[in-house]
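Please look over the sequence and the structure before reading on.

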Amino acid sequence: MAAKHPEYVYTCDICGEEGFSEVEMRSHTMVAHIEGAISCPFCDLGDISAEEMVFHVNSMHLDFLSPTEDNVQFTISSSDSMDDVSLSSNGLPDTNFYSASESSPQRANLSLNLNPNKYKKVLLSPRGSDHSLCPLCDYSNKCPTKLQEHVNRQHFDLTSPSIPEFSNNDSGSNSPFLCPLCDRNFDSSRDVELHVNVDHNDILSPIKSTQATPGDENCNDCCPVCGSSNFMCSLELASHIEEHFSPKSPNGLLCSPSAPYGLTPLSTDASLFKNGRSNSQVEKGKSTKKAGSADHLFALEIERKEREEQRVREQREFRMLQAQYGMDNQGNFREQSITNMQKAVYAGEMSVADYYNRQVELCIADRDGVDDGHSCTKGLIPKIRAFSMASSNVEHLWLCTAVDHYGATYGDKGCGCGYRNIQMMLSSLINSTKYSTRLFNGRFAMPSISKLQELIEGAWRQGFDPPGCEQLGGRLINTRKWIGATEVVTFLASFRIRGRLIDCHEPTGPNGTHPELFSWVKGYFMKEEEFKPPVYLQHHGHSRTIIGIEELQDGSLQLLVLDPSHSKSQMEQFNSTSSVSNAIRLIKRPISALKARQYQLVYVDGVLETEEEYQSMKILHSQRIPPSS
């Protein structure tokens, strides 16, 4: 049987009351200090007694009604359970008090008969109550400035002198006329009134105050046409003003060129009865107008929120697109290599020793500009030819002369396919003397990705492909920016090698297929030439290298494609007779597998012999398939 927990006795840390159980303590805290907490209607002061709050209100929020240095006293009379309390202008209790007329005969008009019942309702209200109620009457306004102006104008006329002006026979009196807002005194009530209106007009003149009262022509919260006020927001006011200028205004205003400002005055009660409309119908029309205005404001608010959500969504998608294409200037080949190798170590895919060895190799490759060859697979063309020709359903086979596969590594996964396809193209061109002498000056060394970025930037500086340079910001080094078909043509042209650009700008077959692309590739590889390089294939988000094409017995075509996203271990399956069938499936692409909306092809077509040809390649041109109409 579980032991019974002892019952604890709790003491309230706020008021000191003690002897509560846990449930009673929770109830006491909620009722006495949360729901029943006293808060000042003019500021954030709370957690004090009702008497202390009365002292605070009269000393902090009503002292502008009394002179600052004159100890004018006034009495709060009470008929309820509250005791009679006399307060001085500093808010402290005074036991030896006198009435306002006795203590300061010149300030008889300053005595205020405050209703303590109203104070009890306000002061004992829970937190969060409306602080827009006048402490002296039932007037309410959410604007503190307007509420203060109401107290000044309705409960204490500051423009009048303290006592009536004396007659001539009393002019010798020794009692001066004091300003109720400062310490200056004057000989006559006229002088006081002139001083107050001139020196204190910022307090007394609502028109010149920081916020105009409703009904003023300068007020931002009232209608300049009909004077209506108490609008919830500026949108509601703007909607109300627009209704005045509609062809048939709900307020009874008609647009008329002959009337002032194009408006006629509001209809009178007689005209309403003449038209057979009762007062109830008028009220119903007003309520209908308010409901329509509320619906209009609600629709505007929904539209504003939808526009804001769309703007935020577009910004987020744009940032994601920038990050996807490496345009966010975050990271580079070396940083991504280290990060992904660390993940491989944590996952057990790489040993710690291999991690540090690869770091050293990266530093060497970065320094020399030569690829480390870790992702390269050589000797693929003879193996692919042998397996394809042994297939019973293959009627014809056309392949490029030679090519090596370069796959993505830790440093370029997701962003380096364009550079790896350039390396595949270069691995083929090195086998032709015509191209190798221009590319490597007779000494072959496969450039690293960082070196390729540097070479493309150099081509831009020479004036090649200005639009492409502008699109990528003229900078590739130490970035993860993607490159495409135009950068391949630019790279080749900078070495005086002509690259042709083919633009398959739309599908040419059913279901979004591109049969004309396959036909062009077949025609390219069927040409009888001594040396045939592969073809660069670009589509949205990725690029690959076409190394050949198969024609099956039923007449259909299949592309043979090397993909940089395939790893070296996948390509090495060609070395084993047991796994070569799996490897061949990686590179075959039937016509149904290429359904992107657009494709671009780049192939090598000789060298640029003359300076004119070299300069003409700085502006790129393409051949469109199908031809433009």
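The paragraphs below describe a predicted model.

Residues are numbered from 1 along each chain as its sequence is written, and side-chain values use heavy atoms, with hydrogens and water left out. In this predicted model, local features need pLDDT of at least 70 and side-chain atom pairs count only at pLDDT 80 or more, while totals for chains, interfaces and linings use all residues.

Strand β12 spans residues 542-552. Strands are DSSP runs of E with at least two residues, helices are runs of H or I with at least four residues, and both are numbered from the N terminus. Of the 11 residues in β12, 11 are buried, where buried means under 20% relative accessible area with a 1.4 Å probe, protein chains only.

Strand β11 (residues 535-539) runs antiparallel to β12 and is joined to it by five bridges. Q538 stands opposite S543 in β12. Two residues separate β11 and β12 in their hairpin, and G541 in the turn has a positive phi of about 90°.

Strand β13 (residues 557-562) pairs with β12 in the antiparallel sense over six bridges. The hairpin of β12 and β13 has four residues between the strands, with G555 at a positive phi near 90°. E550 has Q558 in β13 as its bridge partner. E550 is also the bridge partner, in β12, of L397. The antiparallel pairing of strand β8 (residues 394-399) with β12 covers five bridges.

Helix α14 covers residues 417-429 and reaches 19 Å from its first C-alpha to its last, close to the 18 Å expected, that is, 1.5 Å times one less than its number of residues. In α14, 13 of the 13 residues are buried.

Key: Buried means under 20% relative accessible area, exposed over 50%, partly exposed in between (1.4 Å probe, protein chains only). Two strands pair if DSSP finds at least two bridges between them.
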